[in-house]
Amino acid sequence: MSELLTFEWRRAKSIRTTWITSLFTVLGVALLALLFASVSGVDGGEPLPLQDALESAVVTNPFTMVLVSSLAAMAFGHEYRYGTIRLTLTAFPRRARVFFAKLIITLLLVFIVLAVSAAAGYGVLASSPMAEAGSQSWAATAWHVAVFGLTFSALAFSLTVITRNHPLGIIGPLLIFLLEMLLLPLIAQRAEWLPKFFPLTAMNNWFAGGADAVWGVGVWVAWMIGLLTLGFVLLLRRDA
């Protein structure tokens with residue numbers, strides 16, 4: 001397994017897109033943080049709490065969602081796109097190990113990029129004269145960033161394995177986000193209970209706490225495990 005993990009890590013580092021996407025993620029978060037810092041407290045308005053501004057720059061914007069999904073989709077998407085998946089499975093015929101090695105390296109890569117991005121965003125926000133600490137703890141903010149990274153990594157990773165389509169693995173999580181944001185308020189007018197069963201709504205309910213937090217955790221876990229399990233089974237049973 002260690003040999004396979006080393007192989008996957010070196011493969012990820014050798015892909016130019018990995019470095020470009022990682023750089024864009026860090027720069028994008030830093031620029032969004034700069035934007036928030038520039039409008040904080042303008043015209044006598046309330047300053048943006050540091051934690052809330054950082055979470056908005058990292059977690060709740062589509063720009064970061066797409067880039068994180070792009071990083072996660074490359075694990076299998078790059079191999080299917082260029083036909084190297086057969087070479088990989090010939091060199092490492094145990095497909096279960098290949099799946100988990102790619103998943104581990106993907107999560108490690110995403111967490112490293114998000115940690116650097118969050119540090120860059122914090123540096124920009126903390127240097128603002130209008131910066132003020134918010135009521136949310138830094139531990140909660142870090143936890144939200146980690147769960148966000150895990151969520152979009154798992155969505156992009158599993159959708160790529162399931163569909164064998166690299167572009168769909170990248171835009172799929174964003175389409176889910178847009179679907180929930182645009183259509184669920186309309187659906188909720190007729191079925192108030194239905195939005196609670198969608199993954200990103202469940203994640204937000206989990207973050208918000210309160211009565212729906214436990215339900216949100218359960219729905220979120222079910223989606224993540226369900227999609228990853230489906231991708232795992234299809235990888236084992238389908239021809240490369």
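1. Ser 127 counts as exposed because its relative accessibility is 57%; exposed means over 50% relative accessible area, buried under 20%, and partly exposed in between (1.4 Å probe, protein chains only). Ser 127 lies in the loop between helix H6 (95-126) and helix H7 (138-163). Helices here are DSSP runs of H or I with at least four residues, numbered from the N terminus. Between Ser 127 and Leu 34 the separation is 93 residues in sequence and 9.7 Å in space, C-alpha to C-alpha.

2. The model is predicted: local features need pLDDT of at least 70 and side-chain atom pairs count only at pLDDT 80 or more, while totals for chains, interfaces and linings use all residues. Residues are numbered from 1 along each chain as its sequence is written, and side-chain values use heavy atoms, with hydrogens and water left out.

3. Helix H4 covers residues 62-82 and has a kink of about 60 degrees centred on Met 74; the bend at a residue is the angle between axes fitted to the seven residues ending there and the seven starting there. Because 15 of its 21 residues are buried, H4 is largely enclosed by the rest of the structure.

4. As for the ends of H4, Asn 61 caps the N-terminal one, with a side-chain oxygen 3.1 Å from the backbone nitrogen of Phe 63. Just after H4, Gly 83 takes a positive phi of about 75 degrees.

5. Helix H8 (residues 166-182) has 17 residues and should span 24 Å at 1.5 Å a residue, which agrees with the 25 Å between its end C-alpha atoms; the expected span is 1.5 Å times one less than the number of residues. H8 also bends, by about 35 degrees at Gly 172, and Pro 173 follows within four residues.

6. The buried residues of H8 include His 166, Ile 170, Phe 177 and Glu 180. Met 181 is also in H8, but counts as partly exposed because its relative accessibility is 45%.

7. A nonpolar patch on the surface has about 830 Å² of accessible area together, and Leu 168, Met 181 and Ile 187 are among its residues. H8 gives the largest share of this patch, 7 residues, and both H8 and helix H9 (184-188) supply at least two residues each.

Terms used. Patches are made of residues with over 30% relative accessible area and no salt bridge: like charges are joined within 9 Å, nonpolar side chains (Val, Leu, Ile, Met, Phe, Trp, Tyr) within 5 Å. Accessible areas come from the Shrake-Rupley method with a 1.4 Å probe; for residues, only the protein chains shown count as cover. A salt bridge is a side-chain nitrogen of Lys or Arg within 4 Å of a carboxyl oxygen of Asp or Glu. A polar contact is a pair of N or O atoms within 3.5 Å; within protein, one must be able to donate a hydrogen and the other to accept it, and residues adjacent in sequence count only if both atoms are side-chain atoms.
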